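I opened this notebook to record what I looked up in the structure. The entries begin with a pocket and then turn to a sheet and its helices.

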Amino acid sequence: MRVAQDIVSSLEYVLISAVLMSHPHRQFTTRQPISLPGSFLGPASGRLAAFPASRSPFMAQPSTTYKFELNLTDLDRGVYESVKQTIARHPSETEERMTVRLLAYAFWYNEQLSFGRGLSDVDEPALWEKSLDDRVLHWIEVGQPDADRLTWCSRRTERTSLLAYGSLRVWEGKVIPAIKNLKNVNIAAVPQEVLEVLAKDMPRVIKWDVMISEGTVFVTDDRGQHEVQLQWLAGERG
C-alpha cells in the first residue's frame, strides 16, 4: 500500500509539472482551476488542491550562518568584553544590513543583548535587550523604518534605538519630524562610505576589535582600522 501511494504521488507531481510547463505565460490563481484527475482536485471545488509541502519545488532558501568574534573596548561606558556569537543572515538581507547589526551589537553591548529574528519576524527587532522577567528594556532597529513602525516599537519597550543607513535625505525629512515627540527613541546614522568598506566581501568568520571613544566607533578587522563617526538625528546614545 505504501509503495502504491508513493507511485500515485509521483504521478501527480509529473501531471502538475506538465500542466505548468504547457502554460509558460499563464499565471494561475485559486480562481483559475486546472483540469487534472480527481485525486488532485480540492473536494467539491474544482480547484487545484494544495501541493504537498514535503514535495514542493518552491522551497525557501536557508539562512547563511556567520561566526562573529568581538573584542570590545568601550571607553565611554567602561565595558571591556570578548564575545563570540553565531549570526544568521536572512536570504534577503544585504551585507550592509548585517554589518549595521554588528555595529549596533558592539555599540550597545551588554550581557542581555541578543539578536532578534528581524527580517524573519516583523514582530521582533534587529536586536533587543530583555530583563529576567522577559520585559523588553531596549529595542534596536536598523535601516529606514517609517514613523508608524518606530511609534509601534517605542510602545513596546523602555528604550528604542535605530541605526539608520543608506540614502537618508528623503527618509530623514519625512520620519524625524514625525517622531520628534517620542521621548524614548534615539536615532543615529551610519556613514555610507565606511559602511560599504566594512560590508564588502564579508567573511564567514568575522573578527572585529572595536574601540568606542567619545561616541566614535573604531573597528579593526583583517583590512585595517575603520572610523565610524555616527551622526545623531534624534536623542542620544543612552
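**Entry 1: the second largest pocket.** I looked up the second largest pocket and found about 160 Å³ of space in it. I note that the model is a predicted one. The lining of this pocket consists of 15 residues. Nearest its centre I found Ala88, Arg101, Gly116, Arg117 and Ser120.

**Entry 2: the make-up of the lining.** I asked which element gives the largest share of the lining of the second largest pocket. It is β2, with three residues. Both β2 (79-89) and α2 supply at least two residues each. By class, I recorded five nonpolar, six polar and four charged residues in this lining.

**Entry 3: the sheet.** I next traced an open sheet of six strands, with the order β3-β4-β5-β6-β7-β11 and mixed pairing. Its edge strands are β3 (113-115) and β11 (231-234), each of which pairs on one side only. On average, neighbouring strands of the sheet are turned by 20 degrees against each other, direction ignored.

Entry 4: I then examined β3 with β4 (residues 127-130) and found antiparallel pairing over three bridges. Serine 114 has tryptophan 128, in β4, as its bridge partner.

**Entry 5: the helices.** I checked what helix α2 (residues 95-107) touches: it packs on the sheet against β3, β4, β5 (136-142), β6 (159-164) and β11. The direction of α2 makes about 170 degrees with that of β3. Helix α3 (residues 147-154) lies across β5, β6 and β7 (185-189). I recorded that α3 runs at about 165 degrees to β5.

Terms used:
Residues numbered from 1 in each chain as written. Predicted model: local features only at pLDDT ≥ 70, side-chain atom pairs only at ≥ 80, totals over all residues. Heavy atoms only, no water. Pairing = 2+ DSSP bridges. Helix = DSSP H or I, 4+ residues; strand = E, 2+ residues; numbered from the N terminus. Axes fitted to C-alpha atoms, helices over the stretch in contact; angles between N-to-C directions. Contact = heavy atoms within 4.5 Å. 1 Å grid on protein atoms, 1.4 Å probe; cavity = no way out; pocket = protein on both sides within 12 Å on 5 of 7 lines; lining within 4 Å. Points joined across faces, edges and corners; volume = space filled by probe spheres on them. Nonpolar A, V, L, I, M, F, W, Y, C, P; charged D, E, K, R; others polar.
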